[in-house]
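Here is a friendly walk through one protein model, written to be read with the structure open beside you. Shall we begin?

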Amino acid sequence: MIGLVAATVAGRQGCERLAAAWPGRTRTYQGPVKEALAAAFGECEQVVAFLAAGAVVRLVAPLLSAKRDDPGVVTVDEAHRHAVALLGGHAGGANALAAAVGEVLGAAPVVTTATDAVAITALDTLPYPAQGPIAAVTRAVLDGERVPLYADTPWPLPPLPLDHAPAPGTAPPASTPAAVWVTDRVVRPAADATAQETGTADGTGAGAENGTGAGAGTGRIVFVRPPSLVVGVGASRGVGEQEVVELVHAALDGAGLARLSVAALATVDAKKDEPGIVGAAARLGVPLLTYPAQALAAVPVPNPSAAPLAAVGTPSVAEAAALLGAGPGGELAVEKRKSAMATAAVARRRARGRLAVVGLGPGARDLLTPRAAAELRRASVVVGLDQYVAQIRDLLPPGTRVLESGLGAEEERARTAVAQARAGHAVALIGSGDAGVYAMASPALAEAADDIDVVGVPGVTAALAAAALLGAPLGHDHVSISLSDLHTPWDVIERRVRAAAESDLVVTFYNPRSRGRDWQLPKALSILAGHRAPDTPVGIVHAASRPDERTAISTLAAFDVTTVDMVTVVTVGNTATRVVAGRMVTPRGYRWQS
Ligand code: SAH
């Protein structure tokens with residue numbers, strides 16, 4: 001029984017609507033709310049209270065016993081905008097109840113149990129189309145069922161709070177109760193072949209394949225359609241749009257391929273304005289890619305022919321365009337098929353992974369950009385130094401695979417990240433500050449070929465975090481120099497320090513000093529001192545934005561380098577830099593006015 005409790009007119013209306021929607025399943029408790037809620041709490045398996053969440057917390061707190069025994073409690077606000085699963089999300093069924101209340105009242109269900117909140121967004125906001133009983137499978141996840149994820153190829157998906165199937169390419173067993181399956185193939189269970197009719201005559205692809213019937217006979221399966229197919233088309237002048245659409249559908253259906261996985265149509269440049277082809281692409285809702293005849297002619301295909309060679313200058317349009325459209329590693333999935341005036345062939349793209357190179361900022365959470373946080377949530381694999389992973393672990397959704405390693409394993413981290421992306425995953429390679437500044441971006445991108453997508457997310461680098469603490473030391477031209485001679489010979493470093501000294505640049509030293517590297521910083525400072533006054537300001541920032549942050553301003557003459565360690569940057573002013581009210585200020589180019 002679901003107990004309903006309200007204190008206001010709007011609340012009572014809400015009760016009436018729920019009672020009407022669920023005949024025989026509800027009991028409305030009248031009278032003062034304290035007593036009404038206590039009675040409902042004691043007598044019902046579930047309670048919906050049209051009261052402020054805070055009020056319900058206070059009223060039910062003294063009544064709580066054990067998670068297993070307490071009813072699930074949902075609260076709804078006066079305006080019926082939110083249905084909050086307050087208590088008993090799983091055991092009490094409050095998460096599911098909030099969704100059900102939301103459906104009746106048009107309220108947004110608010111579910112705060114961690115994995116469920118993620119599951120809901122995950123299944124509803126996948127970057128690729130999903131078909132099948134999404135609500136039912138989401139509900140299964142909500143109810144704590146183990147829902148497996150199957151994938152023919154590991155397309156770059158966000159982490160899903162699902163159990164990964166034992167091996168890629170494995171299909172769910174016929175008896176599977178609920179699953180998510182990433183595949184561009186249409187599954188036709190033998191038991192229910194007619195329900196798998198894959199299209200309608202209007203050619204929109206709105207057949208069973210696109211509806212909830214996709215899982216009929218194989219339990220509740222949500223199919224996720226990766227954009228893995230490119231259909232090459234050729235046609236004689238004047239071909240009808242309907243003929244092209246039907247041929248494309250026939251090519252896909254004949255091979256059991258999902259229409260929603262079609263990423264593009266492709267053809268020869270000469271046909272880029274052919275109405276039947278342009279119209280077919282529009283009907284299918286995909287872009288039309290076109291290629292020069294010479295480019296198509298260079299693609300080896302199984303079924304070249306003389307007709308297109310004479311007409312447009314290539315022995316293959318459909319097969320060659322499909323393969324070019326699919327890109328490197330693409331393979332022909334359906335050889336050329338013909339209708340009266342058109343040809344079509346289908347190629348399957350190699351899964352294209354995604355590598356996000358993400359700067360985490362200097363340390364403080366509010367200096368990590370929202371975009372960096374979004375990329376971390378989107379990646380199913382995170383690669384990085386263990387101490388940086390620790391910094392952001394709480395941002396990673398359940399199901400994220402974390403590949404962390406210790407100091408020094410840079411090359412290996414870079415290789416791992418690229419290899420994971422090449423395998424088709426969505427990968428985030430993380431680094432402190434900006435991941436491109438003395439960090440992982442360059443070794444990774446030096447490894448990467450053009451078979452993966454790369455996205456860079458800038459971060460607040462140490463020099464900027466330090467400058468903000470010091471004042472305005474970077475107000476004019478400035479340079480960063482790493483004093484680490486691990487990868488760079490000292491004479492190169494020294495040459496750059498000299499050049500900075502001679503050209504009066506403000507200098508920020510990264511990697512300034514470690515236990516085994518103690519003479520480089522004094523040496524660099526002495527070179528600068530050859531061109532700058534002894535009272536030139538020097539800013540020292542240790543652990544910017546972290547709990548042990550320390551900032552000091554000294555001068556070239558007085559600076560004690562033993563205060564410097566590897567978590568420090570040192571910023572040396574130029575000849576115009578001054579200290580004003582305890583802050584380092586470099587004027588913007590004009591002469592200093594004192
Ligand atoms: N990618 C990083 C730099 C890596 S090199 C960035 O963009 O900031 C490592 C050096 O950066 C350290 O030796 C230190 O000099 C500097 N550094 C990194 N984080 C710092 C912080 N929070 N405070 C001060 N210096 C820092």
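## Around strand β20

Val382 stands opposite Ala428 in β20. The strand that pairs with β20 here is β18 (residues 381–385), in the parallel sense and over three bridges; two strands pair if DSSP finds at least two bridges between them. Strand β17 (residues 354–359) also runs parallel to β20, joined to it by six bridges. In that pairing, Leu355 has Val427 of β20 as its bridge partner. Helices (H or I, at least four residues) and strands (E, at least two) are DSSP runs, numbered from the N terminus.

How many residues of strand β20 (residues 426–431) are buried? Six of the six are, so β20 is largely enclosed by the rest of the structure. Buried means under 20% relative accessible area, exposed over 50%, and partly exposed in between (1.4 Å probe, protein chains only). In a regular strand the side chains alternate between the two faces of the sheet. Both faces of β20 are covered, with Ala426, Ala428 and Ile430 buried on one side and Val427, Leu429 and Gly431 buried on the other.

## Where these values come from

This is a predicted model, in which local features need pLDDT of at least 70 and side-chain atom pairs count only at pLDDT 80 or more, while totals for chains, interfaces and linings use all residues. Residues are numbered from 1 along each chain as its sequence is written, and side-chain values use heavy atoms, with hydrogens and water left out.

## Gln420 in helix α14

Helix α14 (residues 410–422) contains Gln420, which counts as buried because its relative accessibility is 17%. Leaving aside residues up to four places away in sequence, Gln420 touches Val381, Arg401, Leu403, His425 and Val427. Contact means heavy atoms within 4.5 Å.

## The six-stranded sheet

Six strands form an open sheet with mixed pairing, in the order β2-β1-β3-β4-β5-β6. At its edges stand β2 (26–29) and β6 (108–110), each with a single partner strand, so one side of each is left without a neighbour in the sheet. From one strand to the next, the twist averages 25°. Within the sheet, β4 (residues 72–76) and β5 (residues 82–87) run antiparallel and are joined by four bridges. Val73 has Leu87 in β5 as its bridge partner.

Helix α1 (residues 9–21) lies across β1 (2–6), β2 and β3 (46–50), and runs at about 160° to β1. Helix α2 (residues 33–43) packs on the sheet too, touching β1, β2, β3, β4 and β5, with its direction at about 170° to that of β1. Axes are lines fitted to C-alpha atoms, for helices over the stretch in contact, and angles run from 0 to 180 degrees between N-to-C directions.

## Helices α7 and α8

The axes of α7 (residues 241–254) and α8 (residues 275–284) come within 8 Å and cross at roughly 55°. The two helices are therefore oblique to each other (angles under 35 degrees count as roughly parallel, over 145 as roughly antiparallel, 65 to 115 as roughly perpendicular and the rest as oblique). At their contact, Glu241, Gln242, Val244, Val245, Val248 and His249 in α7 meet Gly276, Gly279, Ala280, Arg283 and Leu284 in α8.

In α8, the residues Gly276, Ile277, Gly279, Ala280 and Ala281 are buried. Their cover includes β12 (229–235), α7, β13 (262–268) and β14 (288–291). Just after α8, Gly285 takes a positive phi of about 70°.
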